[in-house]
Amino acid sequence: MGNPMRIRASVQEGMTEVKVLMQHEMETGLRKDADGKLVPAWHITELKAVHNGKTVLEGQFGTAVSKNPYLVFRFKGGVSGEKISVNWVDNKGDTRSDEVEIS
Amino acid sequence: MLRKFFHFVSISAIFAFLVFSAQAADNSDTLLEAKVMTIIKHDFHDKGIAKIDRLNQDSVQAMCTKFLDNPPIDNMEHLQAEQEKAIRWPADGKYMGNWKAGEELAQSGSGMTWSDKPDAIPGGNCYNCHQLSAKEISYGTIGPSLLHFRLNFGKTSGGQTLTDKELQRFAYGHIYNAKAYNLCVNMPRFGHLGILTEAQIKDLVALLIDPESPVNKE
Amino acid sequence: MNAPILKNGFFVFLFSIYCSVVLAESNASDEIAKYREMISDGNPAEFDEMRGEDLWKKPSGPNKVSMQKCDLGKGIGIVKGAYAELPKYFPDTDRVQDLESRLVFCMTTLQGIPEKEIIAKPFGGDNYKPDIESYVAYVVGQSKGVKMNVSLTHPKEKEAYEIGKRIFTYRAGPYDFACSTCHGQDNIRIRMQNLPNFNNLKDSQAAYISWPAYRVSQGLFRSFQWRLNDCFRQQRFPEPQYASELTIDLAIFMARNANNAIYAGPGLKR
């Protein structure tokens with residue numbers, strides 16, 4: 001199980017804004033460590049956000065996304081009190097899922 | 001007579017008191033200075049190429065520290081003259097190198113830190129403090145802008161145009177030891193303290209003065 | 001219908017090129033400020049705060065004691081608001097201490113962890129988060145929103161401030177740099193990095209309340225001891241001893257100069 005995310009979701013004029021802070025090293029596989037050895041690639045590959053059983057965001061993350069990614073997105077709909085869940089999968093097969101109530 | 005004597009005694013007493021308290025202040029200041037030095041000498045350790053002997057101040061560093069970069073004119077002029085005498089001008093009398101190499105050197109901010117390898121070549125660090133080429137927007141403002149150096153620095157304060165040789169010598173001297181011209185200036189003494197070689201300084205002079213250099217273009 | 005839209009679009013395009021070229025330099029700082037505002041809500045330092053809080057409450061070390069028994073200056077177990085008053089004089093050690101030296105004291109005397117172990121690798125790195133830095137993140141976060149209030153009532157505090165002030169102007173090394181060489185003037189920057197003037201109240205406040213911070217370019221949380229350490233490295237000085245009197249005296253000089261500002265850490269830096 002990956003490291004916990006911090007998620008905040010709020011509604012403004014019919015749009016729900018979701019802010020997700022993820023904890024992940026996001027190694028590209030191109031970086032060399034202090035000894036000159038290549039650090040193996042280790043990064044999130046897929047991200048999904050679900051609201052009321054519907055996928056509201058689906059993303060494919062690659063090596064261009066930095067360490068500890070911070071993502072902000074909006075979707076139409078959503079009411080205070082409803083739940084949003086965000087989950088990711090990385091290239092090692094590790095996953096993480098967190099849920100939050102829309103404030 | 002008695003009144004005069006009384007005045008004399010009281011004025012002497014006041015004078016003695018003032019001298020004594022001034023001295024007491026000096027002494028406690030001296031004690032504090034000593035404590036500062038003890039802490040500085042004690043709380044650093046060697047790391048990489050940065051050894052603790054770097055903390056030993058030379059005459060310029062000590063003077064500028066003591067007077068917070070604003071020393072009395074006599075001391076300033078004396079030390080400036082000493083620094084100028086120690087400038088090693090190029091033996092072949094030529095001051096200009098290659099401006100392209102100069103620009104690379106000006107962009108390089110590495111060297112002399114404890115994380116630098118012992119055989120690494122130190123850069124000039126120029127863009128950290130100065131504007132140089134018009135094309136480079138990532139420049140510092142700790143030192144004056146050197147953009148259009150030929151134009152802006154090519155005249156004396158009296159308005160006379162400097163010859164090419166004079167301007168080159170001015171640039172070379174400043175890069176070698178800026179403190180020979182203005183004792184407590186922020187700029188490191190790149191030649192005097194062995195940071196850059198003669199050839200490297202010549203490349204930087206070219207960067208500043210060559211008409212083809214980006215410093216002198218739009 | 002198409003021609004007018006095309007023409008407008010073309011002029012907008014030209015105008016935007018004009019803007020980007022001519023105003024590139026003046027906008028660079030604005031854009032950086034905009035970027036910083038955009039990411040200010042997603043500070044990964046929160047994870048270090050969380051980790052620090054968990055560790056703080058856990059009985060650790062050979063003595064199996066939790067850091068909740070640590071006195072950070074407001075009494076045993078009180079973490080809230082403690083950072084805003086540091087550095088300060090501590091009667092139990094009879095000296096002025098900053099946060100890190102106080103943490104070292106608690107980790108060694110309460111938990112029984114050897115000081116050598118703590119000081120050997122006190123800064124984070126590749127897949128390495130030292131406990132002491134997570135404690136720092138947690139503790140400073142508990143002073144967020146608190147007014148800086150460093151006192152100079154004890155004679156040792158007064159002296160520490162005066163010593164810090166003199167260390168600040170000590171010129172040495174192959175570059176003849178003192179701290180004041182970069183941090184003693186208003187409105188200067190190194191490359192594109194603005195440099196706070198620690199002789200100027202506003203600059204001192206703004207700078208001090210934004211550290212410790214998560215450094216985006218390094219992907220790591222960086223403590224105040226780290227900030228001082230890296231300054232000395234770039235100053236071309238040798239390395240300062242971790243949490244030494246030298247660093248504490250410098251810290252009280254800078255912290256006191258930031259008094260009355262509202263502490264905003266942990267910050268987020270480039």
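Predicted model: local features only at pLDDT ≥ 70, side-chain atom pairs only at ≥ 80, totals over all residues.

Trainee: In which sense do strand S3 and strand S6 of chain A pair?

Mentor: Strand S3 of chain A covers residues 44-51, and strand S6 of chain A covers residues 83-90. There are 7 bridges between them, and one of the pairs is Lys48(A) with its bridge partner Asn87(A) in S6(A). The sense in which S3(A) and S6(A) pair is antiparallel.

Trainee: Which strands stand at the edges of the open sheet of chain A?

Mentor: The open sheet has 4 strands with antiparallel pairing, in the order S4-S3-S6-S7 of chain A. Neighbouring strands of this sheet are turned against each other by 15 degrees on average, with direction ignored. A strand at the edge has a single partner strand, so one side of it is left without a neighbour in the sheet. The strands in that position are S4 (54-60) and S7 (95-101) of chain A.

Trainee: Which residue in the turn of the hairpin of S1(A) and S2(A) has a positive phi?

Mentor: Strand S1 (residues 6-12) and strand S2 (residues 15-21) of chain A run antiparallel and are joined by 7 bridges, with Gln12(A) having Met15(A) as its bridge partner in S2(A). The two strands form a hairpin with 2 residues between them. The residue in that turn with a positive phi, of about 50 degrees, is Glu13(A).

Trainee: Which residue in S5(A) does Leu21(A) stand opposite?

Mentor: Strand S2 of chain A is also joined to strand S5 (residues 70-76) of chain A. These two strands run antiparallel, with 7 bridges between them. In S5(A), the residue opposite Leu21(A) is Tyr70(A).

Trainee: How many helices and strands are there in chain A?

Mentor: Read along the sequence, chain A follows the pattern β-β-β-β-β-β-β, and its C-alpha trace spans about 50 × 20 × 20 Å along the principal axes. Of the 103 residues in chain A, 20% are buried. The count for chain A is 0 helices and 7 strands.

Trainee: Which chains have the most contacts among the pairs that touch?

Mentor: Chain A and chain B do not touch, and their nearest C-alpha atoms are 12 Å apart. The contact of chain A with chain C takes 8 residues from chain A and 8 residues from chain C, and the side of chain A that touches chain C has 2 nonpolar, 2 polar and 4 charged residues. For chains B and C, 38 residues of chain B are in contact with 35 residues of chain C. Among the 2 pairs of chains that touch, the most contacts are between chains B and C.

Trainee: Which element gives the most to the side of chain B that touches chain C?

Mentor: Helix H1 (2-42), strand S1 (44-45), helix H2 (59-66) and helix H5 (126-129) of chain B each supply at least two residues of this side. The residues of the side divide into 20 nonpolar, 11 polar and 7 charged. The element that gives the most, with 5 residues, is H1(B).

Trainee: What is the bridge partner of His45(B) in S7(C)?

Mentor: Strand S1 of chain B is joined by 2 bridges to strand S7 (residues 239-240) of chain C. The two strands run antiparallel. The partner of His45(B) in S7(C) is Glu239(C).

Trainee: How is H4(B) placed against H8(B), roughly parallel or roughly perpendicular?

Mentor: Helix H4 (residues 99-107) and helix H8 (residues 198-209) of chain B pack with their axes 7 Å apart, at an angle of about 100 degrees. Their contact has 7 nonpolar, 2 polar and 2 charged residues, and Trp99(B) and Leu105(B) are among those on the side of H4(B). Angles from 65 to 115 degrees count as roughly perpendicular. The placement of H4(B) against H8(B) is therefore roughly perpendicular.

Trainee: How many residues of helix H6 of chain C are buried?

Mentor: Helix H6 of chain C covers residues 131-141 and is mostly covered. Its buried residues, including Tyr135(C) and Val139(C), pack against helix H3 (45-57), helix H4 (99-109), helix H5 (115-120) and strand S6 (220-222) of chain C. The number of buried residues in H6(C) is 11 of its 11.

How values were computed. Residues numbered from 1 in each chain as written. Chains lettered and ligands numbered in written order. Contact = placed C-beta atoms within 7 Å. Nonpolar A, V, L, I, M, F, W, Y, C, P; charged D, E, K, R; others polar. Pairing = 2+ DSSP bridges. Buried ≥ 20, exposed ≤ 12 C-beta atoms within 10 Å, placed from the backbone. Axes fitted to C-alpha atoms, helices over the stretch in contact; angles between N-to-C directions. Parallel < 35°, antiparallel > 145°, perpendicular 65-115°, else oblique.
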